[in-house]
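Please look over the structure shown here before reading on.

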Amino acid sequence: MSRVIDLDIEKFNFDRSVIGLGNFDGFHIGHREVIKKVIEISKKENIKSSVLVFKQHTNEVFPHFPRYYISSLQDKIDTLTKLDIDYIFIINFTIEFAQLSNEEFILDFIKDSLNADILVCGPDYTFGKLSKGTVKELYQYQAENKIKVYIQDYVKDGNRKVSSTTIRNLIQNGQVNLIKDLLGDNYTITGEVIHGYKIGSRELGYPTANIKLNFRYIMPGEGVYLTYVYYNDNKYLSLTSIGTNPTVTDNLDIKLEVYIIDFNKEIYGETLKIEFIEKIRNQVKFDTKEELIKQMDSDYQFAINYFK
């Protein structure tokens, strides 16, 4: 059973472990190979398996980088728990932490404080102040008998390596049906149900849950998507609209609305997880509400027939 260890609270006194290192936005199939290697070595050495996860993405400290992400901290913890890692170390990534030198991070923090002297990472892993540390330095520490290092090679999709950047681009382009092969799971986001204008229920016959995201997720491109909604440990087929609703309003704010099929409960203030399966169509401005309703009827039929 996985143990989540908050290093900002708990003292450094842990069993010896092999640790997985990386930025881990999304835990795609390349990241998962790192975790598999960690678990494999832990069983062989009869020690704990562990991974270090920052509570916030490193881009949060360096705001000139994009600040929208594939997975939240809780998403990462959920994935690692499913993968059955022993220790999930979490810590705030602060400006002070970012100033650690290569040796301070690897030898003082990872090896001595976390008691992890076997490291697993990808070939492009960087660490330390200004990310100047590379696998070259890790191999040097290994040559000096300070740590052991295993470099897990890239996983490729055709001729290109699987990367978080590729997955982000697919999400933004609405190509959510291609995500699972790279991410290991369909793309999911989580948010709270808030009050909206109630146009769906009052005027269109399709009551929707308006969602306020609880994290800076990358939003799929505008359009209508076939989705699943998870609520109170139950799974529901659904249709999710992302866009400005141009047929019924001139408001240009992007909205996320979910029509949950065969569901009739008031859930304001509740948290929903939305799993994206496939994009059905682009956002369209119809001439009349009647045309929009006709299209929504077609979207509904697509959804209920999709898995038949």
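How many nonpolar, polar and charged residues are in the lining of the largest cavity? The lining has four nonpolar, four polar and one charged residues. In this count, Ala, Val, Leu, Ile, Met, Phe, Trp, Tyr, Cys and Pro are nonpolar, Asp, Glu, Lys and Arg are charged, and the others, Gly among them, are polar.

The model is a predicted one, in which local features need pLDDT of at least 70 and side-chain atom pairs count only at pLDDT 80 or more, while totals for chains, interfaces and linings use all residues. Residues are numbered from 1 along each chain as its sequence is written, and side-chain values use heavy atoms, with hydrogens and water left out.

The residues that line the largest cavity are Gly22, Asn23, Phe24, Leu52, Val53, Phe54, Gln56, His57 and Lys76. A cavity is a set of points on a 1 Å grid over the protein atoms alone where a 1.4 Å probe fits but cannot get out, and lining residues have an atom within 4 Å of a point. Strand β3 gives the most to this lining, with three residues. The space in the largest cavity is about 50 Å³, and a search of the whole structure finds one cavity of 30 Å³ or more. Such a volume is the space filled by probe spheres set on the points, with grid points joined across faces, edges and corners.

Now take the protein as a whole. Its secondary structure consists of nine helices and 14 strands; helices (H or I, at least four residues) and strands (E, at least two) are DSSP runs, numbered from the N terminus. Along the principal axes, the C-alpha atoms fill a box of roughly 75 × 40 × 40 Å. The protein has 308 residues, and 48% of them count as buried. Buried means under 20% relative accessible area, exposed means over 50%, and partly exposed is in between (1.4 Å probe, protein chains only). Among the contacts with a separation of 6 or more, 72% come from residues 24 or more positions apart; a contact means heavy atoms within 4.5 Å.

Ser71 is placed in the loop between β3 (48-54) and α2 (73-82). Is Ser71 buried or exposed? Ser71 counts as buried because its relative accessibility is 9%. Leaving out residues up to four places away in sequence, Ser71 touches Phe24, Asp25, Gly26, Lys76, Phe215 and Tyr217. A polar atom of the Ser71 side chain lies 2.8 Å from the backbone nitrogen of Gly26. In helix α2 itself we find Thr79, which is buried because its relative accessible area is 14%. Thr79 is in contact with Phe27 and Arg32, its neighbours within four places in sequence left aside.

Phe14 belongs to the loop between β1 (3-6) and β2, and its relative accessible area of 8% is why it counts as buried. Neighbours within four places in sequence aside, the contacts of Phe14 are Arg3, Ile5, Leu7, Tyr87, Phe89, Ser113, Leu114 and Asn115. Ile47 is in the loop between α1 (29-45) and β3; with a relative accessible area of 14%, Ile47 is therefore buried. Not counting residues up to four places away in sequence, Ile47 touches Arg16, Ser17, Val18, Ser42, Asp86 and Ile118. From Ile47 to Asp297, 250 residues apart along the chain, the C-alpha atoms are separated by 56 Å.

Helix α4 (residues 102-113) has as its buried residues Asn102, Phe105, Ile106, Leu107, Phe109 and Ile110. These pack against β2 (17-20), β3, β4 (87-91), α3 (95-98), β5 (116-121) and α5 (135-143).

The loop between α4 and β5 holds Asn115. Its phi is near 60°, a positive value in a residue other than glycine. Most residues other than glycine have a negative phi. Asn115 is partly exposed because its relative accessible area is 28%. Asn145 also has a positive phi of about 60° although it is not a glycine. Asn145 is found in the loop between α5 and β6 (148-151), and it counts as exposed because its relative accessibility is 71%.

Technical notes:
Polar contact = N/O pair within 3.5 Å; in protein donor to acceptor, adjacent residues only side chain to side chain. 1 Å grid on protein atoms, 1.4 Å probe; cavity = no way out; pocket = protein on both sides within 12 Å on 5 of 7 lines; lining within 4 Å.
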